[in-house]
Amino acid sequence: MSEGLRRVPWSGEDGRAVFVVADPDAPGPVSRRADTVESVQLEMAGVLLAHARQMVDEAGPAELRHLATELTRALADTLRIASRAKP
């Protein structure tokens, strides 16, 4: 059994990172919920990227600013998920 801390993809009430003691060989309900949330975040990042590719040449400054904000959030989520997946 290789237990360790896992950061979950949501923040605590104080806005700080939340961790759970996780066993990859026997994931509990919090780890399974985190997996589901991360899967949705990755799917949303893909949808956002496709949308960005379509609108980048036609968008005005306000739309591009909003797009950059959303892409930044999606990239931060994706990097957090990817860093957890490293061996």
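Reader: Which residue's side chain meets that of R80 in a salt bridge?

Author: This is a predicted model, where local features need pLDDT of at least 70, side-chain atom pairs count only at pLDDT 80 or more, and totals for chains, interfaces and linings use all residues. Residues are numbered from 1 along each chain as its sequence is written, and side-chain values use heavy atoms, leaving out hydrogens and water. A salt bridge puts a side-chain nitrogen of Lys or Arg within 4 Å of a carboxyl oxygen of Asp or Glu. At 3.1 Å, N to O, the partner of R80 is E38.

Reader: How many residues apart in sequence are the parts that R80 and E38 tie together?

Author: Helices are DSSP runs of H or I, at least four residues, and strands are runs of E, at least two, numbered from the N terminus. R80 lies in helix α2 and E38 in helix α1, so the parts tied together are apart by 42 residues.

Reader: Is E38 buried or exposed?

Author: Buried means under 20% relative accessible area, exposed over 50%, and partly exposed in between (1.4 Å probe, protein chains only). E38 has a relative accessible area of 4%, so E38 is buried.

Reader: What is the distance between the closest N and O atoms of R6 and D35?

Author: R6 and D35 form a salt bridge. R6 sits in strand β1 (residues 4-11) and D35 in helix α1. Their closest N and O atoms are apart by 2.8 Å.
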